[in-house]
Amino acid sequence: MKDVVIRLAGPGVEVPDMLMARDGRAAAQRKLLDHFHKPLLFFTQNIPGPVKTSALIHLGFLEGIRRLEKALEEAGIPVLYQKTIDYKTGYEKYYVLDGEALAIKKIACAIENGDRLGRLYDMDVLAEDGHKISRTDIGLPGRLCLVCSQPAQACARSRKHSVPVLVRNVHRVLETFLLDRVEQALRAGLQGEVDATPKPGLVDRDNAGAHKDMDWHTFAASTDAIVPHLRQMAEKGWDWEGNGEGLFAALRPMGAAAEKAMFRATGNVNTHKGIIFSLGLVTSFTMWLLARTGTVDSEKTLATIAEAVTPLLERDFAKIDPYHPHTHGEVLYLEQGCRGIRGEAMDGFPAVGDIALPALRKFREEGKPDNEAYIQTLLLLLSQVEDTNILSRSDAATLKQAQADAKAVLEKGGAFTPEGLQAVWDLNEKFIRQNISPGGCADLLILAIFMEKMEGLVE
């Protein structure tokens, strides 16, 4: 049986530790009930084995908090008091709620029964008088075993499953949840960019922009083809135990496999080749650092990528044959010194860290709709970034004019005003006529959306 690798594992606990924690919970619950005279919800997780805390367990705990607080808000049940406990015996959270105890228990059980992750959650509800509301009080059967889906109490009494088996199953559930969240963020980035409408010169839900060989459906098919490969890159980063340069080297054949899947899905149309490289890097290194630090730090991720990829990419540039360049990127590098997306990676994707991510964070805080926020971020990028896709399709003068056009649209309010939005539609028509497509900026937007979504994992 393969041992479970517990990332950032907390100290092991023994029976006296658990008994002390149980007594402490009981005392805290009595004090809260005596003070507020309102129902109390106590949230923790069912984690077998001596290790009750880790990076992964904490992520599952945070997700439970998000689910619970969203459900309480939707039900109109105010939180009068809350407190989080982070101790070696496990993560805990107390809520005093201004609602009816049976209704609160129904909400808690709906979360516990919602999916396999919910089955790790233990949400006890105590009525105002201290009576613990049971599942039978609201007409529900007992909980089921995570391993065999038989009644959990019977499995626990008979010790049907060994501790290593239980630990392995719990961590499989948690890792699946984490990778599912990564996939959601990947799709949010890829689909969010192509869905944003209108965009100057780019494929969106209204038109194909300056492209004749692809449309929205081509991008949707490509997204479905490459996301499984990007998810594998995320898993590679989570499991990686070597250094960053080694991780980058390990990702390269995985990126090649993703490109082949893309071309198969699109009939040999290049929809996502550049973003496979950059998003594969960002996804994998985000997960690598998450496993090592327990948090998502976008700026640290970008700096780590720069450090890791520079030695190999410098060797790549040195190998370019000045007499026989093989790609548009190599031609641009030889003629203008433009390093393209590889240079962006070597520099730590500065346009993402300095322009796109701060913009998306700000727009999120302001409650801006995704569509307008993404268009505005794209305009900000276009106004400042040396987009190699524009250079390869035209020249430096055209790029300079495109940047000036984007600035002019922003001065009219961009996506956030009717006048600015009309200017985006007009700029799209101009870019179509001139065969301009800011695909490099589109890729940077995808990266920023993905990273902003991943930051929400630990908030």
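**Exercise 1. Describe the salt bridge between E241 and R7, and state how exposed each residue is.**

Step 1. The side chains of E241 and R7 meet in a salt bridge, with 4.0 Å from N to O. A salt bridge here is a side-chain nitrogen of Lys or Arg within 4 Å of a carboxyl oxygen of Asp or Glu.

Step 2. E241 is in the loop between α6 and α7 (244-266), and R7 is in the segment before α1. The pair links distant parts of the chain, 234 residues apart. Helices (H or I, at least four residues) and strands (E, at least two) are DSSP runs, numbered from the N terminus.

Step 3. Compare the relative accessible area with the cut-offs: buried is under 20%, exposed is over 50%, and partly exposed is in between (1.4 Å probe, protein chains only). E241 has 66% and is exposed. R7 has 14% and is buried.

Note on the source: this is a predicted model, in which local features need pLDDT of at least 70 and side-chain atom pairs count only at pLDDT 80 or more, while totals for chains, interfaces and linings use all residues. Residues are numbered from 1 along each chain as its sequence is written, and side-chain values use heavy atoms, with hydrogens and water left out.

**Exercise 2. Work through the salt bridges of D115 with R67 and of E299 with R361.**

Step 1. In the pair of D115 and R67, the closest N and O atoms are 3.1 Å apart. D115 belongs to the loop between α3 (101-112) and β4, R67 belongs to helix α2, and 48 residues separate them.

Step 2. D115 is partly exposed at 31% relative accessibility. R67 is also partly exposed, at 23%.

Step 3. The side chains of E299 and R361 form a salt bridge of 3.1 Å, N to O. E299 lies in helix α9 (residues 298-318) and R361 in helix α12 (residues 350-365), so this pair ties together parts that are 62 residues apart in sequence.

Step 4. E299, at 38%, counts as partly exposed, and R361, at 25%, is partly exposed as well.

Step 5. Look for shared partners. E63, R66, R67, D115 and R181 are joined into one network by such salt bridges. The count for the model comes to 25 salt bridges.

**Exercise 3. Give the strand order of the sheet and describe the pairings of β4.**

Step 1. Five strands form an open sheet in the order β2-β3-β1-β4-β5, with antiparallel pairing. Two strands pair if DSSP finds at least two bridges between them.

Step 2. Find the edges. These are β2 (79-87) and β5 (132-133), each of which pairs on one side only.

Step 3. Take β1 (residues 40-45) and β4 (residues 121-126). They run antiparallel and are joined by six bridges. F42 stands opposite D124 in β4, and Q45 stands opposite Y121 in β4.

Step 4. Turn to β4 and β5, which pair in the antiparallel sense over two bridges. L126 has K132 in β5 as its bridge partner. The hairpin of these strands has five residues between them, and G130 takes a positive phi near 95° there.

Step 5. Why is β4 described as largely enclosed by the rest of the structure? Five of the six residues of β4 are buried, so the description applies.

**Exercise 4. State how helices α1 and α2 lie relative to the sheet.**

Step 1. Helix α1 (residues 15-36) lies across β1, β2, β3 (90-97) and β4, at about 15° to β3. Axes are lines fitted to C-alpha atoms, for helices over the stretch in contact (heavy atoms within 4.5 Å). Angles run from 0 to 180 degrees between N-to-C directions.

Step 2. Helix α2 (residues 55-75) lies across β1, β2, β3 and β4, at about 10° to β3.

**Exercise 5. Describe how α6 packs with α5 and with α8.**

Step 1. Two packed helices are described by the angle between their axes and the distance between the axes.

Step 2. For α5 (residues 163-195) and α6 (residues 216-239), the angle is about 145° and the axes are 9 Å apart. Their contact has 14 nonpolar, three polar and eight charged residues. Ala, Val, Leu, Ile, Met, Phe, Trp, Tyr, Cys and Pro count as nonpolar, Asp, Glu, Lys and Arg as charged, and the others, Gly among them, as polar.

Step 3. For α6 and α8 (residues 273-293), the angle is about 35° and the axes are 7 Å apart. This contact has 11 nonpolar, four polar and one charged residues. Among the residues that meet are L230 and W238 in α6, and L279 and W288 in α8.
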